[in-house]
Amino acid sequence: MAVKIRFARLGCKHRPFYRIVVADSESRRDGKFIQVVGFYDPLAAKEDTKKMSLNYDRAKYWLSVGAQPSDPVRRILMQAGLIEPPPMVVMARKGGESGSNDDQA
């Protein structure tokens with residue numbers, strides 16, 4: 001049984017509200033879940049304390065036993081500090097070290 005940490009949508013039409021749930025990967029989005037670990041309200045103000053809440057202990061536990069977060073939940077867990085952000089990849093320029101073509105004139 002693969003376990004995912006993902007959103008379950010609540011709220012009415014044009015007014016979404018999401019619970020962050022731990023669920024079996026084969027269950028429906030709004031179907032049966034194992035545990036609720038938080039909520040997310042995308043329409044709340046940025047400074048509002050009711051925008052997001054997360055039970056850190058339970059989220060850390062589920063990550064430690066192998067639960068895979070979905071991409072939107074992964075972003076929230078990175079903001080909370082539970083997951084490290086992916087390493088930044090620096091691409092080299094195709095022409096080499098020089099940054100401008102003014103030196104050749």
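I take two strands to pair if DSSP finds at least two bridges between them. Strands (E, at least two residues) and helices (H or I, at least four) are DSSP runs, numbered from the N terminus.

**Source.** I am reading a predicted model, in which local features need pLDDT of at least 70, side-chain atom pairs count only at pLDDT 80 or more, and totals for chains, interfaces and linings use all residues. Residues are numbered from 1 along each chain as its sequence is written, and side-chain values use heavy atoms, with hydrogens and water left out.

**Sheet.** I looked up the strand order and found an open sheet of five strands, S4-S3-S2-S1-S5, with mixed pairing. Its edge strands, S4 (52-54) and S5 (68-69), each pair on one side only. S2 and S3 (residues 35-40) run antiparallel and are joined by five bridges. Within this pair, I noted Val 22 opposite Gln 35 in S3.

**Loop.** I then examined His 14, which lies in the loop between S1 (3-12) and S2 (15-24). Its phi is positive, near 65°, although the residue is not glycine. I recorded that most residues other than glycine have a negative phi.

**Helix H2.** In H2 (residues 71-80), I found Val 73, Ile 76 and Leu 77 buried. They lie on the same side of H2, because they cover an arc of only 100° around the axis, taken from the directions from the helix axis to the C-beta atoms. Asp 71, Arg 75 and Gln 79 are exposed on the other side. After H2 comes Gly 81, with a positive phi near 90°.

Note on methods:
Buried means under 20% relative accessible area, exposed over 50%, partly exposed in between (1.4 Å probe, protein chains only).
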